[in-house]
Structure formats: C-alpha cells, structure tokens
Amino acid sequence: MTQNPTNLDAKLKSIAEQASKPVEHIREVYETILAEDVFTSNTLLEEIDWFYNKLGLDNYYFQTTPRPMIASHIQSLYAGKILSQNSGEEVGLNLESESPTVGMYVCMEDHTQAIRVERRLEERFPYHRLQSYRTTGTTSADSDLRLRIYFLSPPNFTNPDVPETETDIQKVATRDFLINTLPQTAERYQALLKKSASNLGPVIEISEKPETKETRIMIAYKRATTHTYFSSISDVLNSHKIHSNRKYIEQFANGMLVYSIYVDHDFPEGTLENVREDLSLASLLPQTSLLPLFQEGHLSMQEMMYAYSAWKFVHQFLTRYSDQYISLANALKDSPENMGILNDIKRRLTKDTFTEGRIYETIYAYPGVVKELYQHFAERHFNKSGRPVKAFDLKPDETMVDSITRVVSSDLDKKILMAFLQFNQHILKTNFYKDIKTSLSFRMHPAFLPTLDYPETPFAIFYLLGNEFRGFHIRFRDVARGGIRIIRSNNPEAYTHNVESMFDENYRLAHTQQRKNKDIPEGGSKGVVLLTRRNQDRPEVAFKKYIDGLLDVLLPNEEIVDHYGKEEILFLGPDEGTAFLVDWASQHARERGYPFWRAFTTGKSLEYGGIPHDAYGMTTRGVHQYVLEILNKYGMDESTITKAQTGGPDGDLGSNEILISKDKTLSIVDGSGVLYDPEGIHRGELERLAKAREMVREFNTDLLSSRGFLVTIEDRDVKLPDGTDVPSGLTFRNQFHLTKYSSADLFVPCGGRPSSVHINNVKKLFDDKGKPRFKYIVEGANLFLTQEARLALEKAGVVVYKDASANKGGVTSSSLEVLASLSFNEQEFQEHFAVHDGKIPEFYKTYVGEVHKRIEENASLEFETIWQENKRSKTPRSIVSDEVSNKINLLNDSIQNSMLWDNPALRRAVLQEYVPGPLQELVGLDNLLQRIPENYLRAIFGAHIASRFVYKTGMQSNEVGFFEFVSKLSS
C-alpha cells in the first residue's frame with residue numbers, strides 16, 4: 001500500500017524527532033528497505049519506529065553504524081519475528097543472520113542462550129568488529145521480553161599490513177573507528193594499546209563512566225593468544241551477578257583487539273577486584289570439563305582454576321606403594337634390569353588407578369572440600385586483602401587434614417584430596433594473583449617427590465599451565481642450564497601417553513643433563529612444554545607463554561608472595577621444537593627487566609651473540625670424539641667401519657654427524673622415513689642433503705645399489721629388494737632400529753624418542769644366534785636407550801658410551817656462551833660477540849675455536865676415565881659413567897660449600913685455568929670477577945676442581961690425592 005507523501009513525511013518526522021535523529025537519516029533507512037519490495041509502507045514504518053524508539057538500543061549504535069547496515073539489521077530482526085510467530089515462540093535463538101562478511105544474532109536476555117551465541121560468533125567471526133546491546137525496551141507492547149543483539153562487521157583497516165610493534169592508533173585502527181569515535185574515547189584506546197604492547201597477556205583497565213553511572217571494563221590482548229575469552233568474560237560477570245549493558249570488540253591491524261564492556265555500577269564494594277582477578281584467570285582458561293562447576297555456581301572462577309591446576313599436577317605424582325612393592329623393590333635393588341621391569345609395572349598400575357578421569361570425579365563429588373582447599377591456598381598467596389598471608393610450612397595442616405578425613409569416606413578420594421593439600425603446601429611462589437599474566441606458574445619446593453621414584457631430589461621445580469599447554473621445568477642445582485622441549489602428540493593415544501609420562505620424561509632429561517654437565521658450572525636442568533590435544537599447531541604461542549610464566553616468578557613483583565626469598569637465575573637452551581624461539585626468549589627477558597637476559601638463553605642467532613650448536617656442530621663434535629677414541633683403542637680406521645644412524649640430514653646431530661664422519665653408513669632413519677643400502681649409502685649425496693638440511697626423502701634413489709631402498713612414512717604396501725613386504729612406511733620407520741636391517745659395526749643414535757630401546761625390546765638388537773647387531777654404540781640422542789637396555793648390551797660384549805658422557809658437547813658450548821654473556825658489558829658484547837650485517841667479529845671466531853678445543857678435551861678426558869675404570873673393575877661402562885658423574889658432582893658440591901673458596905690464590909688460579917685465554921685477554925680477569933655473579937663463580941670453581949681431579953687421578957683417588965692436587969693448583 002502506497003503512503004500519501006504528506007502522511008509519510010509526517011510519520012518519518014515523528015519517528016526522527018522521538019529518536020533525536022535527522023529526518024534524512026530515517027528517510028534513507030526507510031527507502032533502502034522499501035526498495036527491497038518486502039515490506040508494506042505501514043509495516044515498515046512500524047518496524048522502524050519500534051527499532052529506533054521502543055527497542056532501547058544505545059545511541060552509540062546509531063552514531064557509529066552506517067545507515068545501509070541499520071536497514072539490513074531491521075530487515076533481519078523483522079524476519080526473526082516472523083519466524084518466531086510462525087513457530088509460536090517469542091524472538092529467541094532462531095535469529096542468526098550470517099553471511100561471509102557480516103553477522104547479526106538476537107537472543108533472549110538469558111545467560112545460557114547468550115553464551116551459545118557468543119561461542120558461535122567467536123568461532124564464526126573471530127576477526128570482526130562487534131557491537132552488542134542489551135535492550136531496555138521489549139519485543140512488543142504485550143511482552144516483557146528483553147533482548148541481546150549482536151552486530152558484526154568486517155574491519156576496514158586503513159593500512160592492514162602494519163607491523164605488530166606499531167601502536168599508533170591512527171595507523172592501526174579501522175576507518176570506521178577513526179571516523180566515528182570521539183577524541184577522548186580514542187585516547188583511552190591509544191593508552192591501552194601502548195600498555196598492552198609490552199605484555200603478552202591481556203591488559204585489563206577498569207574505570208567509571210559517571211555520566212551514565214556505568215563501570216567501563218576494557219581488555220586488550222593479542223589475537224589468537226587465547227580462545228573463547230569473550231564468552232568466558234560473560235561467564236565471569238554472570239558469576240558476580242553483573243549484567244552488561246553493551247559490549248564492543250575493536251580489531252586493530254597490529255594484531256591486537258580490545259573489548260569494551262559497560263555495566264551498571266550497582267554491586268558491593270570489593271567486587272571489582274574479584275572481577276579483575278577472575279578476568280585475568282579466564283584468559284588462561286583451557287577447554288575444561290570443570291567449566292559447568294563454575295557456570296552452575298558450585299565453584300568461583302578462582303576456585304575452578306585452582307582445582308584445574310591442582311588436578312593436572314597431582315595426576316603426575318599420585319603413587320601408592322604397598323608393603324609388597326617395597327619388599328620386592330628392596331629384593332631387586334641390585335638387579336637394574338628386573339628393577340626396571342618392576343618400576344614399569346608399578347607406574348602403569350598407578351596411572352590406571354589415578355586417571356585424570358578419576359581425579360575429575362573426586363572434584364565433582366566434593367566441591368565443598370575443593371573450596372576449602374582453595375581457601376587454604378589463597379591464605380598463603382593472596383596479598384591484596386590487607387590481611388597477612390600465612391607462612392610457608394611443609395608440615396601437614398592438621399585442620400585441613402581433619403576436614404578431609406571427616407567429610408570424605410572413600411580411601412581413593414581421600415588420597416586424591418590429600419594430594420591437593422600437598423600441592424598447596426609445596427608452592428613457594430605463584431603468579432596466580434598477578435593482574436597481567438599469560439600462563440599460570442608455580443615454583444614448587446621439591447620435597448613432595450617420593451625418593452623411591454625419584455632417587456635424587458631436584459633443587460627446584462616449576463609447574464606451568466596455559467590455554468595451549470602444560471609444562472614443567474626441573475633443575476638439579478641452583479646454577480643450572482638446559483633446553484626447553486616441545487612435546488607433540490600425533491594422535492589421542494600418543495597424547496594420553498605424553499600426559500602420563502611428561503614429568504618422568506622431564507626428570508630423566510634433567511637428571512641426564514645433571515650427569516652430563518659435570519665439567520661445567522651449570523648443573524642440569526630441562527623444561528618440557530606439552531601441547532594440548534587441540535593446540536598441536538601452536539608451539540610458538542605455547543612456548544612464549546611458558547617463558548613469560550617463568551619470568552613472572554623469577555622477577556621480583558609485589559603482587560607475588562615470595563616464600564622462597566632468594567634470587568633465582570635460570571639459563572635455558574634450545575631443544576626439540578624450540579631452537580627458532582630462543583632469540584625471542586632472550587629479548588623478551590630483556591623487555592621484562594631480567595638482569596641476566598643476555599645469558600637467559602643459549603644457542604641464539606649470531607646477531608644476538610649466540611653460538612648455534614647446529615652451525616658449529618658443537619654436540620656432534622663431542623659425540624664423534626667418543627667414536628674416534630673407541631676406534632683408536634681398537635686400532636681401527638674410521639673409513640673401514642660400517643655405521644647405522646638415527647636422526648637424519650635435516651637435524652643438528654644428524655647433519656653434522658654426516659659431515660664430520662668418514663665411515664661407511666648403511667642406514668639413516670629420520671622424520672620422513674628410512675634410507676638403507678648394505679653397500680654403503682652414497683656419501684656425496686648424503687653430504688648434499690646434510691648441507692641443505694633436507695630429509696632422506698629427498699635422496700636421489702638412482703644412487704642406491706640394487707639392494708638399497710628408501711621407504712617414506714607415507715608409503716603403503718612396499719616390497720623391499722629382498723622380497724620383504726612393508727604394509728606401512730610409518731610403522732617401518734618407527735621400528736626400523738629393531739629390524740634385521742639395522743646392523744653395523746657402529747650405531748650412533750642422533751635422534752629418536754626417549755626409551756626407543758628398553759628392556760622389553762632390547763633382544764631385537766641381537767640376531768637369531770644371539771649375537772649383537774652392533775659392536776659399538778655411542779648414544780648421541782638423549783635417553784635413546786634405557787639403562788637396563790644398555791646393561792643388557794654391555795653384558796653381551798657391546799661397547800656402550802651413554803648419552804650423559806657422549807652428548808655433552810652442546811652443553812659445554814652453551815656454558816661457555818653463558819660465560820661470555822656474563823663477562824661482557826653491553827658495548828663489549830655488541831662489538832666482540834654479536835654479529836652485525838653478517839660480519840663475524842674476530843674475537844668471536846677465536847672463541848668458537850676455543851669452545852671446540854674444550855669440547856674435545858672434556859670428551860677425551862672422560863672417555864679415558866671410564867675406559868680405565870671399566871678395565872680395572874669390569875663394571876659396565878654405563879654404570880661407570882654414572883659413577884664418574886656422581887663422584888664429580890658430589891665433590892663439586894662439597895668444594896662449593898667448603899672454605900677452599902676463601903683461598904684467594906686458589907680461587908684465582910682455578911678461574912684463570914678455566915676461563916678461555918682470549919676472553920681473559922680481552923676483558924681482564926679482575927673485571928670478570930667483578931661482573932660475574934658470585935654463585936656462578938663458585939660453580940665454576942667447584943666444577944673445574946672436581947672434574948679435573950677425577951679425570952687426572954681416576955675413580956680410586958682419595959683425600960690425600962685431593963690435597964696434593966689442590967696444593968699444586970694454588971702453588
């Protein structure tokens with residue numbers, strides 16, 4: 001029906017006056033919709049009037065939304081009404097209007113429905129701008145139903161390619177933002193963007209908007225560093241009985257986004273502080289099955305995150321020792337092979353009893369006890385209430401023990417909740433209550449570890465949790481260094497295994513590192529970062545949050561209660577999946593104000609003053625020195641021996657082993673497959689791959705003999721030259737080191753998962769007649785063989801040099817990199833140790849040469865000590881290796897805690913002998929003594945005296961020999 005022009009003008013004017021809008025504005029919306037020929041004029045005028053004047057949208061929507069888009073929103077909302085009328089329901093979740101570029105959602109003012117919508121828009125439009133409003137009007141005159149409406153539109157950046165470091169809002173904001181935003185609002189956004197630039201985690205600002213009697217919550221963070229955060233914020237506000245009036249998401253071209261949320265200021269005093277804490281924690285929230293406990297009000301956000309942290313922690317350590325197990329363990333303690341089998345059985349039974357699912361059931365069954373345990377935790381770590389925090393105490397809290405015992409009937413549930421209490425009692429520091437954080441980190445006192453499982457107690461344990469990962473860091477001495485490893489899981493079964501074994505793997509790696517580091521001042525440490533099942537493609541984000549969490553509890557901060565009370569220094573290095581990130585970690589430590597940032601990570605790029613292990617073959621140099629020492633003992637020429645190798649030409653050890661060796665290599669296994677040739681793999685082609693860092697799948701198979709083959713992990717149903725059928729290339733690759741083809745004079749594992757050879761499969765390294773497939777094994781890859789497997793091989797006559805001895809070239813290099821970083825001031829460091837414009841300083845070249853010499857020297861000295869002790873006592877070399885490490889480490893500890901350090905002549909003589917000559921000449925020994933932290937100098941002092949004494953005098957040396965040795969040093 002066509003409107004009389006006079007009547008139409010009057011109605012448009014009336015709508016415009018009520019809405020305080022120009023009549024041209026209303027007319028344009030009217031004509032845009034009318035042109036679609038869907039509405040009658042009267043219906044359209046009614047809908048426009050309702051939308052502008054009765055629905056109760058905030059005026060900011062009309063100020064900032066283009067009129068054609070408003071027209072589209074009115075049409076969508078009307079369509080939703082019609083659908084609802086046809087279904088007999090009021091407007092609800094049935095209105096979801098989506099296109100590839102825009103979206104509009106309408107739902108009832110119901111929290112559950114709003115969360116469903118918000119989860120949907122997070123998934124569908126993660127990079128869009130958002131305006132969301134809680135209407136003050138109703139859907140119709142005869143309804144009291146209010147709505148939540150969400151409008152999404154794509155960002156129209158002026159310059160979409162700005163760098164991440166750019167924070168000028170004029171360069172990073174959208175055109176719509178710059179046109180429609182008031183100057184004072186833009187200033188708020190600008191300040192928040194600048195503040196968030198130096199933080200990995202969300203920055204939360206809360207302020208008042210007095211003209212509307214609202215509280216404004218603004219949150220800025222980097223896109224893709226968390227998930228479902230927008231909907232989690234709604235959960236947090238709902239838990240405090242706070243309802244938002246309007247919400248906005250602004251996207252910025254530098255990768256940042258900002259949430260702005262406006263709520264009525266009608267909540268009790270102190271609520272905002274709790275809201276801030278909860279919002280900070282919500283950004284870390286993983287996709288957890290505990291969420292309903294929070295959403296249904298059984299646990300607060302803080303209680304739920306505490307429960308999640310304790311849950312994942314205690315799963316690693318819950319152990320039940322029966323009297324029968326202890327008796328059997330004592331009976332088998334002198335039989336490493338049988339003890340290994342017993343421990344495997346015990347670990348399996350324990351994990352089957354205390355599954356993550358079983359612990360989850362306990363949390364659900366006893367939320368009241370969990371709330372008490374959280375309060376116990378908060379009393380020791382929350383320092384913002386004005387009340388004094390309780391002191392750290394390892395003794396059981398009898399009140400809490402009584403509470404658990406009184407309420408909980410099941411022995412299994414008691415065991416689990418007592419483990420939660422044990423978790424509380426061993427936390428020395430945590431960033432749980434720090435406003436800005438990217439992960440949760442806990443510095444643990446290590447006394448909770450059972451000595452039956454972990455015979456040597458670490459010095460310190462860090463436990464970390466994030467959206468994308470969970471992780472640990474273990475160090476065995478105050479001054480320690482070791483790599484950070486990413487653990488991936490190819491399938492659900494692998495993930496379950498990795499979850500159950502991650503701490504044990506971390507402990508073994510750190511313990512091996514402790515034994516390996518016997519020659520250097522740093523003790524052993526290691527870190528693991530296990531990617532969650534949904535985040536296998538996000539190792540970089542996980543690593544950065546892990547590092548940021550470590551720095552939170554390393555750096556002094558008045559938000560953190562420090563029950564440890566001493567400065568801690570960590571030195572980290574590259575490991576599987578993290579080599580490309582150590583540069584970032586060093587620079588991030590610098591930005592965070594860590595005083596030893598230059599030495600925080602090793603293996604950095606040349607421009608950051610690092611000594612990359614792969615570029616200079618540091619780890620391989622030590623491994624290969626052991627090979628040369630064995631061949632020298634047996635009078636063999638390297639070019640005449642055959643070799644099998646795991647770890648391919650694309651990796652550090654694998655590529656450098658190919659380039660440094662002269663043997664006849666028969667097989668190589670890497671991530672892409674298996675390369676084998678019984679007549680010797682073409683060395684020129686191998687070297688080509690090694691120099692290019694390419695996998696064996698790139699090998700030119702024309703250069704294989706008629707008996708050779710290349711099987712990749714993608715291959716299926718392959719027939720080998722000898723007629724053997726290979727159904728799966730992946731399975732063949734995984735098991736190749738246990739097949740008949742893996743046989744040679746020498747085996748050098750340069751890659752592979754820990755425990756690839758263990759007591760249950762070591763028999764496959766023997767042929768049908770019981771003869772070992774290898775004469776010599778030099779274990780380049782950490783923990784490739786278990787100790788029980790090594791001993792079984794040695795019993796059969798195989799010469800085995802284990803990882804803790806052979807694989808220490810890299811740690812020696814890293815230690816000397818740390819020494820240089822601590823010795824230089826900034827100007828000297830940039831001039832003599834950092835590479836600029838590809839120009840390597842002469843001092844750097846000389847220093848790398850000194851590192852090579854030290855690696856070869858340390859390898860030769862330890863090789864000879866082990867060889868001679870094995871010859872004398874017939875003790876297996878794998879055990880002698882541990883005994884050498886233990887003797888040096890124990891002597892080192894005693895020296896550091898003795899009065900020997902107080903002898904200035906001895907102190908100077910030892911440091912003069914240890915510090916490479918070129919470094920002393922450039923910096924001066926006196927300057928070195930002033931610049932390097934004393935605990936690090938003490939560590940040099942102890943490690944050098946202890947290692948040189950044992951290497952020089954052997955394993956049977958005594959106190960008189962030590963006195964004579966030290967006397968000569970200081971004379």
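Residues are numbered from 1 along each chain as its sequence is written, and side-chain values use heavy atoms, with hydrogens and water left out. Because the model is predicted, local features need pLDDT of at least 70 and side-chain atom pairs count only at pLDDT 80 or more, whereas totals for chains, interfaces and linings use all residues.

Helices (H or I, at least four residues) and strands (E, at least two) are DSSP runs, numbered from the N terminus. Two packed helices are described by the angle between their axes and the distance between the axes. Axes are lines fitted to C-alpha atoms, for helices over the stretch in contact, and angles run from 0 to 180 degrees between N-to-C directions. Angles under 35 degrees count as roughly parallel, over 145 as roughly antiparallel, 65 to 115 as roughly perpendicular and the rest as oblique.

Helix 2 (residues 23-34) packs against helix 3 (residues 41-54) at an angle of about 135°, and their axes are 11 Å apart. The two helices, helix 2 and helix 3, are therefore oblique to each other. On the side of helix 2, the contact (heavy atoms within 4.5 Å) is made by His25, Ile26, Val29, Tyr30, Ile33 and Leu34; helix 3 contributes Ser41, Leu44, Leu45, Ile48 and Tyr52.

Rings of Phe, Tyr and Trp (its six-membered ring) pair if their centres lie within 6.5 Å; planes under 30 degrees apart count as stacked, over 60 as edge-to-face and the rest as tilted. By this rule there are 80 aromatic pairs. One of them, formed by Trp311 and Tyr360, is tilted, with 5.8 Å from centre to centre and 35° between the planes. This pair links distant parts of the chain, as Trp311 belongs to helix 13 (residues 301-317) and Tyr360 to helix 16 (residues 356-365), 49 residues apart. Burial is assigned from relative accessible area (buried under 20%, exposed over 50%, partly exposed in between; 1.4 Å probe, protein chains only). Trp311 is buried at 5%, while Tyr360 is partly exposed at 24%.

A charge sits over a ring if NZ of Lys or CZ of Arg is within 6 Å of the ring centre and within 35 degrees of the ring normal. The charged end of Arg124 lies over the ring of Phe125, 4.8 Å from its centre, and that of Arg598 over the ring of Trp597, 5.6 Å from its centre.

Glu122, in helix 6 (residues 111-124), is buried at 16% relative accessibility. Leaving aside neighbours within four places in sequence, Glu122 is in contact with Thr228, Tyr229, Phe230 and Ser231. Of these, Thr228 lies in the loop between strand 6 and helix 10 (229-239) and is partly exposed at 21%. Its phi is near 45°, a positive value in a residue other than glycine. Lys213, likewise not a glycine, has a positive phi of about 55°. Lys213 is found in the loop between strand 5 (203-209) and strand 6 (214-222) and is exposed, with a relative accessible area of 68%.
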